[in-house]
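Reader: I'd like to learn how to read a structure like this one. Can you walk me through it, one feature at a time?

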Amino acid sequence: CVEVTNVNEMTIADAAAIEANGGRLISDASVNTVAQLMGLGFDRPQVEKALRQTQGRVMMAADLLFEKQAKHEERERVARLRQRQGGGGILSMFGFGSITHS
């Protein structure tokens, strides 16, 4: 039985025990796991969805959440970059600006 109350305090032995159990925490998993993942900055609906998608596998759920967060942050970064460049797409990236026809 693996009980981790704070993901930041998880040891390599804890992670190995969780992985050996198919990636699932056993004790009070439904409560502790949600709280642990929420402690990483995710909201409850995101956490619950990730846990359902990974059949309760904590490490896989955390990976999924971080992957989705990284993709979201990348989309926002690209949108800000495009906005700063005047929304001209790839042409403006190479200094062509917007093309107008007379």
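This is a predicted model: local features need pLDDT of at least 70, side-chain atom pairs count only at pLDDT 80 or more; totals for chains, interfaces and linings use all residues.

**Surface, helices and core**

Author: Residues are numbered from 1 along each chain as its sequence is written, and side-chain values use heavy atoms, with hydrogens and water left out.

Reader: Got it. What does the secondary structure of the protein come to?

Author: Helices (H or I, at least four residues) and strands (E, at least two) are DSSP runs, numbered from the N terminus. Here you get five helices and zero strands, so the order from the N terminus is simply α-α-α-α-α.

Reader: How many of the residues in the protein are buried?

Author: Buried means under 20% relative accessible area, exposed means over 50%, and partly exposed is in between (1.4 Å probe, protein chains only). Of the 102 residues in the protein, 23% are buried. One of them is Gln36, at a relative accessible area of 4%, and this residue lies in helix α2. Between Gln36 and Val47 there are 9.5 Å in space, C-alpha to C-alpha, although they are eleven residues apart in sequence.

Reader: Now a helix up close. Which residues of α3 are buried?

Author: Helix α3 covers residues 44–53, and its buried residues are Val47, Ala50 and Leu51. They sit on the same side of α3 because they cover an arc of only 100 degrees around the axis; that arc is taken from the directions from the helix axis to the C-beta atoms. On the face turned away from this buried side, you'll find the exposed residues Pro45 and Arg52.

Reader: How do I read the length of α4?

Author: The expected span of a helix is 1.5 Å times one less than its number of residues. With 27 residues, α4 reaches 39 Å from its first C-alpha to its last, close to the 39 Å expected. Its buried residues are Val58, Ala61, Ala62 and Leu65.

Reader: Which residues make up the largest nonpolar core?

Author: A nonpolar core is a set of buried Ala, Val, Leu, Ile, Met, Phe, Trp, Tyr and Cys residues joined through side-chain atoms within 4.5 Å. The largest one has nine residues: Val34, Leu37, Phe42, Val47, Ala50, Leu51, Ala61, Ala62 and Leu65. The elements that give two or more residues to this core are α2 (29–38), α3 and α4 (58–84).

Reader: What does Leu65 touch?

Author: Contact means heavy atoms within 4.5 Å. Leaving out residues up to four places away in sequence, Leu65 touches Leu37, Phe42, Gln46, Val47 and Ala50. Leu65 counts as buried at 5% relative accessibility. Leu65 and Leu37 are 28 residues apart in sequence and 8.9 Å apart in space, C-alpha to C-alpha. Across the protein, among contacts between residues at least 6 apart in sequence, 44% join residues at least 24 apart.

Reader: Last one: how many aromatic pairs are there?

Author: Rings of Phe, Tyr and Trp (its six-membered ring) pair if their centres lie within 6.5 Å; planes under 30 degrees apart count as stacked, over 60 as edge-to-face and the rest as tilted. By this rule the count comes to one aromatic pair. The rings of Phe42 and Phe66 have centres 5.2 Å apart and planes at 70 degrees, so the pair is edge-to-face. It links distant parts of the chain, 24 residues apart: Phe42 is in the loop between α2 and α3, and Phe66 is in helix α4. Phe42 is buried, at a relative accessible area of 6%, whereas Phe66 is partly exposed, at 38%.
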